[in-house]
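Trainee: I have the sequence and the model open. Can we go through the structure together, one question at a time?

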Amino acid sequence: MKRRVLSGALGVVLVLTGCGIPDRSEVQTEQRGPAAEASWSLGRGSEPPLREASGSDAEAFVRNFLAAAAGEPDRAYERVKQYIAASERGGLQVKQGSEVALSVVRLIDDPVIEPDVDSMKVTISVQQVGLLRANGMLVPPLATETTYEFRLINAGPAGQDDAGFYVSEPPNILLLSDEALRLYYQTESIYFWNSERTRLVPDQRYLSSAVPAERRVSEVVRWLTAGPSDWLRVGVSGLPDRTEMINNATGSDGRWEVNLDMPGADDVRLEQFATQLAWSLLELDGILEIKILNQSRKLVDLGEQRTANQLYQLEDNGRRFCVYEGAVHALAVANEPIGRVPVVAEANRGVFSAGLRRAGDDVLAALVVGASGGRQRLSVGRGREVVESFTAGPTHTAIGRPVWLRTDSDQPAGLVVADGELHRFDDRAVMRPVQLGLPGRVEAVAAALDGHRIALIVGGALYVAAISWEGGVPTIGPARRLTTSLTRLTAVDWWAEGRLLVAGAAGRPAIYDVSVDGALETRLRDDAGAEVTHLAAHPATPTSPLAASFMYEANGVTYRNNPFERIVREQVQEVTAPPTGVRPGNPTAPVFLY
């Protein structure tokens, strides 16, 4: 199937179909894929528990206190004050409107609760995750505290334990645990056009589950008019300056109305805005009317708009490969279709790792191959189904896994780590250093499906950054550091729009699912067996959230998820069995082609 490209308002039309990686594998607790990133659960109305809910359980009370600020921002202080002793509520400085912000923290241990004479002293050890603003955006944290202390006093007369507690000597900011963020908010993706206005790029927000369904269209429109996250601005275009919503959006039961003041709102701009709205309101179907200064300008069928303007092209051709005895080979896993090796035999030698990608009818291949003196070089080529001609780049001491960036340009480009520095490369294997301005060695790089966001591991820390394309050349903007409880990070890949696979240590080598802002993390593999050196994912999309699969290499052995099991030599295609008594090698450097 060929990709259809429309210019102007329609941008790139990318037709999404099922990938070759099966999405019907049973999802298990330690193996689950990314959750749907735009599931509104309309009308759920979840709110944090009241002060009395924990009864005499002091630890439950503390955890509920760290959830009290959740919900609609204009009532955050009111909810928190219900937990604070009446005589001390005036000490919490109340902010209004857009100034309301919650400090999201991750508990790194259970609360320490120590009985005292007439109260209990509580100490919580935390990791600062970010600041959740009233507009649903999680920005880097301002606070630097690693511990908070406060006291609990009985809410009832002496001896009446079931009356619960109040907080005394409370923190002077609104705290929200990451657990409460997961429970009482929904993760939403809104979309902005890239700078060329040819492709949509997702941006993450949090919506309180308490927001009624009839107001959610208004919230999304406000997010769009407010513009993208700071770290993403370099790679996307916001709505025209001074765009504002006039009153709230109205409607229900399959028909909504949005009234805007949008300077320069011609037909092209309205078509683009309609596509943004359709994808940013993924869970809604029906008709949405766009008005400009009270004048009806466009009727949008949300479902049809999404169908006509798909986000990504993932055809039914996702395939697994690995490196075995210095060559790229296909893998046979379960009942998945087996791919054809996309590298001509003459070039498929001395391979350490590979980056593969489909570009329309072509295949892009970037191989890390051996060079004289034990050095390595990047070998790059492009071809139909099988790449026959390769161009070799300069040698380096060590080169990491290369990744191709998805672009609408006819000039392919990718990123690779060589000798601890990030480089961009083209289809002629020309490598140029990329200055990041970050401390430490660059250890890994991964690219999102949209081609405008990357993840990096630099100096053992996790970062994300946006890409702008100027004349077909990728330029990387300022990086945002993400907080994670993992240490000694070694590998990263994208496996959904707003989710990263991250390998590091949690006591033992582990693999976590980490949100693109670092706020939410889920343990996928508590014990990876050894330090993870390669990590490759086949990403999920908003319309196929459970299709994600990944493979990883640890201590020279390759594994897959769903279920977690070792990939063995017998699954490597077109290799001969070793002679009797000779131990076979292991498949390494797993990679997907899609």
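**Backbone, cores and cavities**

Mentor: Just after helix 4, Gly227 takes a positive phi of about 95 degrees. Keep in mind that this is a predicted model.

Trainee: Arg216 is in helix 4. Does Arg216 count as buried or exposed?

Mentor: Buried means under 20% relative accessible area. Arg216 has 0% relative accessibility, so Arg216 counts as buried.

Trainee: How far apart are the C-alpha atoms of Arg216 and Ala249?

Mentor: Arg216 sits in helix 4. Along the chain, Arg216 and Ala249 are 33 residues apart. Their C-alpha atoms are separated by 8.7 Å.

Trainee: Which elements do the buried residues of helix 4 pack against?

Mentor: Those buried residues include Val217, Val220 and Val221. The buried residues of helix 4 pack against several strands and a helix: strand 10 (185-194), strand 11, strand 13 (244-245), strand 15 (255-261), strand 16 (287-292) and helix 5.

Trainee: What distance separates the end C-alpha atoms of helix 5, and what span should its residues give?

Mentor: Helix 5 runs over residues 267-280 and has 14 residues. At 1.5 Å a residue, helix 5 should span 20 Å. The distance between its end C-alpha atoms agrees with that, at 20 Å.

Trainee: How many residues of helix 5 are buried?

Mentor: The buried residues of helix 5 include Leu270, Phe273, Ala274, Leu277 and Trp279. Glu271 and Gln272 are buried as well. Helix 5 is largely enclosed by the rest of the structure, because the buried count among its 14 residues is 11.

Trainee: Which residues have the most contacts inside the largest nonpolar core?

Mentor: That core has 52 residues. Apart from it lies another core, of 43 residues, which includes Ala76, Val80, Leu92 and Val129. Inside the largest nonpolar core, the residues with the most contacts are Val217, Leu288, Ile290, Leu462, Val492 and Leu500.

Trainee: What volume does the largest cavity have?

Mentor: The structure holds seven cavities of 30 Å³ or more. The space in the largest of these is about 350 Å³.

Trainee: Which residues lie closest to the centre of the largest cavity?

Mentor: The lining has 25 residues. By class, 17 are nonpolar, one is polar and seven are charged. Strand 24 (403-405) and strand 33 (487-496) are among the strands that each supply at least two lining residues. Closest to the centre are Val403, Trp404, Ala447, Asp493 and Tyr594.

Trainee: Which strand gives the largest share of the lining of the second largest cavity?

Mentor: This cavity has a volume of about 110 Å³. Its lining of 15 residues has Asp203, Gln204, Ser229, Trp231 and Val516 closest to the centre. The lining divides into five nonpolar, four polar and six charged residues. The largest share, three residues, comes from strand 11 (residues 200-208).

Trainee: Where is the cis peptide bond that has an omega of about -5 degrees?

Mentor: Most peptide bonds are trans, and most residues other than glycine have a negative phi. Look in the loop between strand 39 (557-560) and strand 40 (565-567), where Pro563 lies. The cis bond joins Asn562 and Pro563.

Trainee: Asn562 and Ala334 each have a positive phi of about 50 degrees. Which is buried and which is exposed?

Mentor: Asn562 lies in the loop between strand 39 and strand 40. Ala334 is in the loop between strand 19 (327-330) and strand 20. At 10% relative accessibility, Asn562 counts as buried. With a relative accessible area of 62%, Ala334 is exposed.

Definitions and conventions:
Residues are numbered from 1 along each chain as its sequence is written. This is a predicted model: local features need pLDDT of at least 70, side-chain atom pairs count only at pLDDT 80 or more; totals for chains, interfaces and linings use all residues. Side-chain values use heavy atoms; hydrogens and water are left out. A nonpolar core is a set of buried Ala, Val, Leu, Ile, Met, Phe, Trp, Tyr and Cys residues joined through side-chain atoms within 4.5 Å. Buried means under 20% relative accessible area, exposed over 50%, partly exposed in between (1.4 Å probe, protein chains only). Helices (H or I, at least four residues) and strands (E, at least two) are DSSP runs, numbered from the N terminus. The expected span of a helix is 1.5 Å times one less than its number of residues. On a 1 Å grid over the protein atoms alone, a cavity is a set of points where a 1.4 Å probe fits but cannot get out, and a pocket is an open set with protein on both sides within 12 Å along at least five of seven lines; lining residues have an atom within 4 Å of a point. Grid points are joined across faces, edges and corners, and a volume is the space filled by probe spheres set on the points. Ala, Val, Leu, Ile, Met, Phe, Trp, Tyr, Cys and Pro count as nonpolar, Asp, Glu, Lys and Arg as charged, and the others, Gly among them, as polar. Contact means heavy atoms within 4.5 Å.
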